[in-house]
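Here is a short report on a protein chain. Keep the sequence and the 3D view open while reading.

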Amino acid sequence: MNAAKTFVAKMKNVPVFAQVGGEVTFQGQAQAPLDLFDEAGLAVRLQAIARLAAGIGLRPRMSVRDLTDAVGGLPDMKGAPLELFQLLLEEITIQGEMHAQAAVAIMAYADFVASGTFLGNDGFGKPGFQYIFEAGYGFKVGGGYRAFVEVNFDNPRRLINRYAEAAITKMIALASQSTSPEQLALIRSLEAPVIIGARLAYEIGELPREQAGERSIAVIILEGQRWLLKRFRETASNSTVQWTANNLLTSLNKHMESKMSLYPFNGPLEVQVPSNIANDVNTQLGRSPGTPLSQPDLITYLTGKPLQTLLSQSEETRLILNIFQNAFPGNPQTSAGAIFAYTGSNPSGVLAGLTSGLQAYAEQQLNTPAFKQAVQQVASGSREMGVILQSGLIPSLEIAASVALPYVMNQSGYDRTFVREALSSALLAIVGRGLVRMFNGVTMHIQGQLGGLLNGAANQLSSHAVVNLLELTGPINRYLIRPLQAGFREAANQLANFIPQRAFDQMLIIFTPIEAGSTASFVQNLRKTDWSPRAGNLSDVANTLLTILMTRATTFTSKIIAVVLQAFLEVLVQELQDLIDKFGRILKEAWEALRNYMRTVLTEPLRRIIRELVGQKISVLPPRIQSLVTEGIDAAINSLLPGAVLDPIMNGLSKVTLDPKKVLDTMTGQGNFPAFTDYLFQEILQQLRRSNLNLNLSINVPIKLPGPLSGPAFTGGGPAGYGGIGGIGDLGGGLGNIGGLGDAIGGLGDAIGNLGGVLKGNESLGEALDKILNNAGLGGLILIPGGKPQIPLGVTLTPEHIVRAIREAVPIRTLQGQYRNLRSQAAPALQKMQQVAEFQAAIPRIVADFQINRSSERSLGIVYTDALILLRPLPGQGNPSVFELLVHFPGLRKPVPGIIGTYPQISIVLDNYQLPLNTFQTRWNDNGGIQGRPPGLTLRRTLTLRELRGGTNMIYTAAAAPYFGKVEAATQFRIQTNPPLTK
């Protein structure tokens, strides 16, 4: 039981179950109530209970023929036992149901209940037995089954009568084949007494004491009459005796079918008597042949010479008549006549005489060596019939004689409960064993179909009815549908052949409380309030089922836990995604605000970058020409902003989207602002690249010339005052006059290289500049009517340039403010991210913790208790109220930071209170100061008397790690104080 409690506690310690709530406790119950007039049978209930389950109807295929075949195939059920079982089927009505149970809970349960009553009551409704067998597993998801069989007794009294009579009749038939004539006579003598015993057991158990006396007299006398009439009919060679006995027996049986009162044998005959029979009877009675006959006449006839003949031939007849001798004294003929003539006078005296006769038979006759040997001989021919005789029929007679009848006469100190339990102990063996065989056959037949039935039911788990009942409709629980199906199918695998034959073998013993030949000691023990019959067998059933339950539970959890944990991870991931989406909306708004801010500050950085690009373009021109265009560059750039530059950039930035998850990644722990800015600018760059945002800017810069473009460019042909560039051959050397174009543009030859093949010496100034610009790759000179000519300077503003401008435009402190604000609003998502990460990291450890270690063949419940707990006075201190608590876990290694699977789980509990680990001093690779102990983890702290309680205290500790397995230890100690201390 402790192993089971440890197992469910381990299940509850899985983080996800701590989150979803729900108390997990293990409850075990094993009972064997013993009052068939209230409740008797067997009840084993082992449950770590599911709170909610959905039933799915199952339809196992089983007919009465299937049941009979199943029972007939059980050991010791061939021949007479199977015939008795078929009689049982005639006296009962069977109905049942079976359904699969799908559950969302931590659970491991098994119920094995077979109990019932002869009387209808609140618990059972109708007389009969209820048989329940069910089992299931769940690790948050799972399933099981429940089978319920109700056996209603159509008429419990008639069942006992028929069963007892059929059982002893079959025993006599067996004895006729296997015993000596002397032994057979002894067995025959049992017929009436054991039927009387079984019937008295039922009648006295059912009726109040005030009514039981009259009924007991009727039962004893009726069965005595019936036995004698049967013996006359079966043994007489005289047809008159046979006809007479049969006629009276027929009338008696007809009476007994509907009434429990005495049969008077004082009426007329119901049939016409054959003349030869009438003549013979009248002759024996000394009357004329034609005298009409009545029932008393026939009784007088039988108890005359036919009885003398029967006594001479049948020892058993003498034994039976001896039972009635005290109630009806006289010779055998007188006593026999009185038995048939009794109508109810002096009931107390008659009951006392009948009781003493039964007691003498039970205490003396049954205990003779010859009788015991005869019973043993016949019992060896059929084990099952032998048990019914020796543990049911004979004890019913012994208990009726020694316990029940004295109780009825108020001559004992027995109370009603004790008497009913004693009587039920015998009756349970008579009819209960047949019920056990039935339940055995039903179970084994159904278990053969169970796998297919449950797997078929798994297909229904996604139905609306099941989903709604199990509350799987919410955004979290809907993830459980798939694991539920997997858990249900695995439960089906584990539940196949769950209840073993051994359980029914033990149930048979429990339903047979009285050992053969031990009725007296059983009655003595039953008077002890602390004694229970078959307690060891009941414990065996419970332990057998518990072992199966918990062993298969480990297999179940080891196979299903990964699926369940993955489902819950999906739940957490979805919760996280919802928070990420929420943060994404916040981030979108923040990005929009940042873009609006950028529009206000980007102009100047963009101007500088474009100016830089333009400067690179004109750098191919000689310095003096550069000086002619510099003045117009800024104006040309300004004319582009914002329409040609800023607007396209802002439009491109408006299409940039930031990934909230990646932003959140920069905010974990203490936050990482550099990582945030790196991501921000890199993301802008990549998305601008993907959108191909390259701004090709055409900047036309006016050039300030020293003369008209149409004037000659070279000496000898230029307008007055301009001079010329000089001869074409002079381009590699000096310039023209200082006042001419040569002075304006300086070493043109040096700047543009050898233009001998380009300039011919007769170009105008405009033609010369045009050729110079084209040759520099800047494009031809642009003429502006009425204005200055322009030099075309085409530059491209790339995403890299744009990001550079943003970096220059947006101050770090502005981004830091945005980051702090976003991080504060990201707190819920960040917490959920941490939860997801921790849970995801824990999954391998949890799965490993529940895996079956087949190599070491650890069985459930075996705990390696190698941890050490020491509680001792604090060393070096004189204060007796302060103690040192030392806990040592050998083999536990210091965890490696960041490495999943190296972090142990440790728990230290003082009287159900978890001691915080941060209150302990920790030392790794330490042996606790105890020579010979392997190194591991040592934890130390002090405890004061105020932290302890008066009386018994308990300290429990456990540690587990994937590489390590689990160790635990516990210690109890007492604190004696005056007055008692409280914690």
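## Basis

This is a predicted model, in which local features need pLDDT of at least 70, side-chain atom pairs count only at pLDDT 80 or more, and totals for chains, interfaces and linings use all residues. Residues are numbered from 1 along each chain as its sequence is written, and side-chain values use heavy atoms, with hydrogens and water left out.

## Whole chain

The protein chain holds 33 helices and 18 strands. Both are DSSP runs numbered from the N terminus: helices are H or I with at least four residues, strands are E with at least two. Of the 983 residues, 51% are buried. Buried means under 20% relative accessible area, with a 1.4 Å probe and protein chains only.

Contact means heavy atoms within 4.5 Å. Among contacts with a separation of 6 or more, 74% join residues 24 or more positions apart. The accessible surface is about 43000 Å², and carbon and sulfur atoms supply 49% of that surface. The areas come from the Shrake-Rupley method with a 1.4 Å probe.

## H5 against H16

Helix H5 spans residues 156-178 and helix H16 spans residues 383-408. Their axes come within 10 Å and cross at roughly 125 degrees. Axes are lines fitted to C-alpha atoms over the stretch in contact, and angles run from 0 to 180 degrees between N-to-C directions. H5 and H16 are therefore oblique to each other. Oblique is what remains after roughly parallel (under 35 degrees), roughly antiparallel (over 145) and roughly perpendicular (65 to 115).

The crossing is left-handed, meaning that the near helix is turned anticlockwise from the far one by less than a right angle. H5 residues including Ala164, Ile168 and Leu174 meet H16 residues including Met385, Gly386 and Leu393. By class, this contact has 9 nonpolar, 1 polar and 1 charged residues. Nonpolar covers Ala, Val, Leu, Ile, Met, Phe, Trp, Tyr, Cys and Pro; charged covers Asp, Glu, Lys and Arg; the others, Gly among them, are polar.

## H6 against H12

Helix H6 (residues 181-206) and H12 have axes that come within 8 Å and cross at roughly 35 degrees. This crossing is right-handed, with the near helix turned clockwise. Ala185, Arg188 and Pro193 are among the H6 residues that meet H12, where Glu315, Leu319 and Ile323 are among the partners. The classes here are 7 nonpolar, 1 polar and 3 charged residues.

## Ala327

Ala327 sits in the loop between helix H12 (315-325) and helix H13 (332-341). Ala327 is buried, with a relative accessible area of 13%.

Leaving aside neighbours within four places in sequence, Ala327 is in contact with Val350, Gly353 and Leu354. Ala327 and Gly349 lie 22 residues apart in sequence and 7.1 Å apart, C-alpha to C-alpha.

Definitions and conventions: Buried < 20%, exposed > 50% of the residue type's maximum accessible area, 1.4 Å probe, protein only.
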